[in-house]
Structures are given as C-alpha cells and as structure tokens.
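Could we have the structure up on the screen, please?

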Amino acid sequence: KATVSVLNWDRMSGAPEPAPSGDAAAAPRAPGAWYDGHGKVVCGPMVRVSTLGFRLLAAKSGAEALFSEELIAQKLVKTERHVTPEGVVEYVLVEQYGKLKKRQLLKTLIFSCLEKKSRDHLPEGAPVVLQLGANDPDTALAAAQHLEQDVDAIDLNMGCPKQFSIKGGMGAALLSTPDKACAILRKLAANLSIPVTAKIRMLEDKDAMLSLMKSLSTTGIKAITVHARFRDSRYTVAPMKGYLNEILDALHPFPIPVFFNGNVWDRAAAKEVLAELPRVSGIMICRGALYNPTCFADVPLQKTDAFSELIKLHLRYRGGIREVKYTLTRSFQDFKEYKKMFDLFHAGKTIPAMWAALGNDVDGAEFAALMAAHGDPIQMVTGTIEEYMQQRAGQAADPASHEPSMKRPAAEVVEDEEGGKRAKTESA
C-alpha cells in the first residue's frame with residue numbers, strides 16, 4: 001500500500017496526525033488570500049461530502065482553500081453554536097421531529113469546523129470558505145454573520161441547477177435575477193469582515209454573460225468561480241473552455257480573479273488547464289476530489305488508502321455513519337473495477353463495515369482506539385422547544401458545558417451540480 005508520507009501533514013501540526021485540539025498554527029496569511037496570485041488549486045463545495053474530515057484530508061494533500069458544502073441561509077440562522085473540549089465548533093439545529101413522540105426533539109449537526117484562535121489562524125490547514133445558499137440579502141447577511149468568526153470567506157452559490165434550489169430562488173435561479181444576486185453580494189461584502197466570492201455557471205447568451213461578469217465584479221466580491229457549463233448541463237458534457245476564454249478575452253483586464261471549475265481531476269490536470277486558460281487565476285476541483293480527496297498532492301494516495309485516511313479523520317472529529325457511507329458510495333459508484341467494494345459500502349450499516357470493505361483490519365489497535373473515542377452522532381432531547389431553550393439559557397453561563405455531536409439530516413438522493421447523485425436536504 002502507498003504510505004501517507006506524500007501528504008503535507010505538517011501544514012497543521014508538524015506530526016503524523018492532526019492535532020486533536022486544533023491548536024496547531026499554520027503559517028499566518030490574510031483571510032481569503034487563497035484567491036490571490038496565480039495557480040492556486042482549491043477544493044470545491046460538495047453536498048454531504050465537504051465536511052470537516054474531508055476538508056482536513058484535502059488540506060493535508062495541498063488544497064489551498066476548502067469550501068464547505070452549500071448551506072441554506074434560512075437554516076443556518078436557526079442554529080446554535082457549540083464548541084467541544086477538542087476544539088471543534090458545531091452549528092446545531094434543534095427541531096421537533098414529527099415522526100417521534102410529541103415531546104421529543106432532534107438535534108442535527110448542520111456544519112462543523114475547527115476553532116480559530118485568531119482571525120488569521122487556519123486550524124484546518126487552509127482557509128475555510130462557507131458556501132451559502134440564499135435568496136435575499138438580509139437573511140444571507142444574518143446567516144453569514146452568525147458563522148463569520150469561524151470561517152475565512154463566504155461564497156454565494158449561483159450555480160446549483162436543481163429544482164429545490166431553483167424553486168427557492170437560490171443557486172442557478174440567481175443567474176436569471178442578476179440584480180437580486182448583486183444585491184445579496186453587495187450586502188455581504190459591505191458588512192462582513194471576511195472576503196466574499198461567488199460561484200456561477202455560463203450563460204448561453206454571450207452579451208448576458210459579459211454583463212453578468214461585469215456586474216458581479218462591481219459588488220465588492222474578491223473572486224468568481226465559473227463552472228464552465230450551462231445551467232442544465234451535467235458532468236458528462238465537456239466544460240466550455242473555449243467559450244470561457246472568449247468571455248475573459250472580451251473582459252480583459254478583469255478586476256478580480258477568476259477560478260475555473262469543470263472536469264479537473266488532480267493537480268497535474270489543473271496545471272494543464274491553467275496553460276489552456278491564460279486569463280484564469282486558479283482551479284477549483286470538485287468531482288476529482290470526490291473520487292480521491294488526496295488529488296491535490298503531487299503524488300496522491302491510492303484510492304483505498306485515501307478513503308481509509310478519511311474514515312480515521314471522520315472518527316477523530318465525530319463524523320457519523322451517514323456521511324461516511326454517503327461519501328464512500330458516491331466516490332466509488334462510477335468505477336467498474338470497484339463494483340464489489342461499492343456493493344459492500346451500499347450494504348454496510350456501520351463504520352467498521354466501511355473500514356473492512358476497504359481491506360482494513362477492524363481489530364487493529366489504531367482503529368479500535370478511534371472507534372472507542374468516537375462520539376455518538378445522534379442525540380434526542382426529551383421535552384418541548386420552550387423547555388429546551390430554558391435549559392440552554394441556564395447553560396450559557398457555564399462555558400464548560402457541551403453537548404455531543406448530532407445527527408446529520410436524512411436525505412433524498414438527487415443529482416448534484418455536476419450531474420452526479422447528491423443528497424437533497426434542507427441544509428444542502
């Protein structure tokens with residue numbers, strides 16, 4: 001098997017494993033500086049995949065920014081912020097769960113990250129960019145301000161083409177309402193202490209595309225990522241590099257950096273795309289990272305080794321079986337050579353089952369220790385919302401109090417922005 005020595009583990013802790021407390025300091029740099037310069041390669045947003053463990057592995061492999069999964073503003077503003085003794089920040093939603101007894105509540109983990117010790121501290125090894133799904137300026141700002149202290153930039157999703165986003169006026173719907181999109185971005189850029197960016201798709205009408213790019217560049221945002229396909233195109237359609245070149249040539253000189261997204265599989269491929277697109281500043285990798293989160297390294301790990309490392313990070317930072325299983329099935333489903341392994345992932349119901357399916361020993365000392373320390377990702381609360389809020393008000397005076405990680409939401413599977421299967425949840 002390949003070893004993890006090809007990964008840049010010392011970006012976080014200088015040790016073979018990440019520091020559990022999140023105390024390790026990376027080299028200081030300005031928040032959001034990932035968009036400066038030329039040739040940066042960043043890890044893009046993927047629903048139910050771009051979680052804490054996944055982002056950590058991408059950072060250790062060399063990703064120069066880490067996008068969260070898309071998080072819906074209306075959901076985020078209802079969350080509570082908790083910090084674990086290990087330095088993990090958790091944004092948790094408490095709701096009545098209709099299928100259970102009337103006086104039972106469900107706590108759901110919406111987003112987690114490592115705690116920052118200062119504004120410029122990068123505890124995950126690279127800047128964390130929270131991608132926001134929003135359809136109005138005020139709610140977008142409220143959600144962004146709620147998490148502002150824990151992330152390094154906010155990105156507005158203007159590219160998701162699925163109905164749950166379109167019907168809500170979010171994602172690619174904003175491409176048809178550029179005035180609303182610009183109003184959201186202006187509100188964010190004018191009121192946040194961290195940079196704001198946007199991720200869009202291509203418009204078929206060239207004049208409309210030129211107008212959109214110009215308008216976005218005047219809102220105060222720091223960068224634009226262009227998914228080089230039309231709104232309804234899927235990942236089987238080749239990205240339109242030539243069309244993007246035409247747009248950027250017509251706009252030259254463009255005042256802010258532009259990142260390219262679409263069918264870039266690893267760092268070597270990123271270098272080739274940068275050579276093809278001379279006016280592009282950097283590359284965002286999504287599907288390539290889904291297939292192998294160590295694709296940012298010059299020499300990535302073998303696929304099974306990469307996902308073994310991912311499971312260990314999920315265990316260390318209390319990831320649940322839902323996100324582990326979802327990521328593994330998504331990552332292996334398109335490869336005939338891994339059909340038997342995919343079937344094991346699909347049938348598996350526990351993290352040890354996923355670990356064994358990758359060819360690992362479930363009785364190994366390291367895995368056993370991680371399993372023993374793994375927090376229960378599910379918590380039910382007895383009582384009413386009102387009783388719970390009274391209890392929380394009493395706990396607020398005790399900073400040492402902490403409640404464990406929660407369940408991630410159950411999901412209906414739909415297609416994602418690049419056309420693969422994805423989970424449709426209220427938080428994604």
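**Charge pairs and helix packing**

K339 has a relative accessibility of 47%, so K339 counts as partly exposed (buried is under 20% relative accessible area, exposed is over 50%, and partly exposed is in between, with a 1.4 Å probe and protein chains only). Before I go on: this is a predicted model, in which local features need pLDDT of at least 70 and side-chain atom pairs count only at pLDDT 80 or more, while totals for chains, interfaces and linings use all residues. Residues are numbered from 1 along each chain as its sequence is written, and side-chain values use heavy atoms, with hydrogens and water left out.

Back to K339. Its partner in a salt bridge is D343, with the closest N and O atoms 2.8 Å apart (a salt bridge is a side-chain nitrogen of Lys or Arg within 4 Å of a carboxyl oxygen of Asp or Glu).

How many salt bridges does a search of the whole structure find? The count is 17. One of them joins E124 and R55, at 2.9 Å from N to O. E124 is in the loop between β6 (104-114) and β7 (128-133), while R55 is in helix α1 (residues 52-60), so this pair ties together parts 69 residues apart in sequence. Are these two residues buried or exposed? E124 counts as buried, at 1% relative accessibility, and R55 is buried with a relative accessible area of 1%.

Another pair is E246 with K206, where the closest N and O atoms are 3.6 Å apart. E246 belongs to helix α7 (residues 241-251) and K206 to helix α6 (residues 206-217), so parts that are 40 residues apart in sequence are tied together. E246 is partly exposed at 41%, and K206 is partly exposed at 34%. There is also a network of salt bridges, linking K116, R119 and D152.

Now the helices. Helix α10 (residues 303-316) and helix α11 (residues 321-332) have axes that come within 11 Å and cross at roughly 165 degrees (axes are lines fitted to C-alpha atoms over the stretch in contact, and angles run from 0 to 180 degrees between N-to-C directions). On the α10 side, K303, F307, L310, I311 and H314 make the contact; on the α11 side, E323, V324, T327, L328, S331 and F332 do (contact means heavy atoms within 4.5 Å).

What does α10 meet in α14? The axes of α10 and helix α14 (residues 365-373) are 8 Å apart, at an angle of about 30 degrees. I311, K312, L315 and R316 of α10 meet E366, F367, L370 and M371 of α14.

Last, P293. It lies in the loop between α9 (287-291) and α10, and P293 is buried, with a relative accessible area of 0%. Leaving aside neighbours within four places in sequence, P293 is in contact with F54, L57, A58, S61, A306 and F307. From P293 to S61 is 232 residues in sequence, but 7.7 Å in space, C-alpha to C-alpha.

Note on methods. Helices (H or I, at least four residues) and strands (E, at least two) are DSSP runs, numbered from the N terminus.
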